[in-house]
Amino acid sequence: MQKLVRDKIPNIIESQGQKSNTTIVENDLEYYNFLKTKLNEEVLEFQQSTDSINEKEELADILEVIDAICDFKKIDKEELQKIKLKKLNERGGFKNRIVLIKD
């Protein structure tokens, strides 16, 4: 099994008397794929959360992965926020809880 982990995880594992076997991903495409997989993993963990404390933790993890993707892809977070607001103004948000039913 290979999965992307936070930078301090190997040290945390070793401080608990366990051995960690790691590698550094040098290939950009491979790293980007690991980031996308990690995003899916964190979203799934959020979906499976059953209490508000855990939900907050998982949302924070999702944001951390999104930040890493933005950094890697050199996406300006202010520009991303502007796109978000533009879509909000044009299409609305999700506050009204509208569900589209298709036949």
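**Helices and salt bridges in a predicted model**

I begin with Asp61, which counts as buried because its relative accessibility is 18%, and buried means under 20%. Please keep in mind throughout that this is a predicted model. Asp61 has its place in helix 3, residues 52–73. Leaving aside residues up to four places away in sequence, Asp61 touches Arg6 and Glu42.

Which residues of helix 2 are buried? They are Tyr32, Phe34, Leu35, Lys38, Glu41 and Glu42. Helix 3 is included in what covers the buried residues of helix 2.

Let me turn to the charged residues. Side chains of opposite charge can pair when their charged atoms come close. In this model the count comes to seven salt bridges. One of them joins Lys3 to Glu41, with the closest N and O atoms 3.5 Å apart. Lys3 lies in the segment before helix 1 and Glu41 in helix 2, so this pair ties together parts that are 38 residues apart in sequence. Lys3 itself is partly exposed, at a relative accessible area of 43%.

A further salt bridge links Glu42 with Lys38, the closest N and O atoms being 3.7 Å apart. Both residues lie in helix 2, four residues apart, which is about one turn of the helix. Glu42 counts as buried at 6% relative accessibility, and Lys38 counts as buried at 12%.

Glu90 and Lys86 form a salt bridge with the closest N and O atoms 3.2 Å apart. They too are four residues apart, within helix 4. Glu90 is exposed, with a relative accessible area of 56%, while Lys86 counts as partly exposed at 48%. Elsewhere, salt bridges that share partners join Lys3, Lys38, Glu41 and Glu42 into one network.

I close with helix 4 as a whole. It runs over residues 77–91 and reaches 21 Å from its first C-alpha to its last, close to the 21 Å expected. At its start, a side-chain oxygen of Asp76 reaches to within 2.7 Å of the backbone nitrogen of Glu78. Just after the helix, Gly92 takes a positive phi of about 90°. Ile83, in helix 4, is partly exposed at 44% relative accessibility. Together with Ile75 and Leu80, Ile83 forms a nonpolar surface patch with about 220 Å² of accessible area.

Methods. Residues numbered from 1 in each chain as written. Predicted model: local features only at pLDDT ≥ 70, side-chain atom pairs only at ≥ 80, totals over all residues. Heavy atoms only, no water. Helix = DSSP H or I, 4+ residues; strand = E, 2+ residues; numbered from the N terminus. Expected span 1.5 Å × (residues − 1). Polar contact = N/O pair within 3.5 Å; in protein donor to acceptor, adjacent residues only side chain to side chain. Buried < 20%, exposed > 50% of the residue type's maximum accessible area, 1.4 Å probe, protein only. Contact = heavy atoms within 4.5 Å. Patch = residues over 30% accessible without salt bridge, like charges linked within 9 Å, V, L, I, M, F, W, Y side chains within 5 Å. Areas by Shrake-Rupley, 256 points an atom, 1.4 Å probe, with all protein chains shown as cover. Salt bridge = Lys/Arg side-chain N within 4 Å of Asp/Glu carboxyl O.
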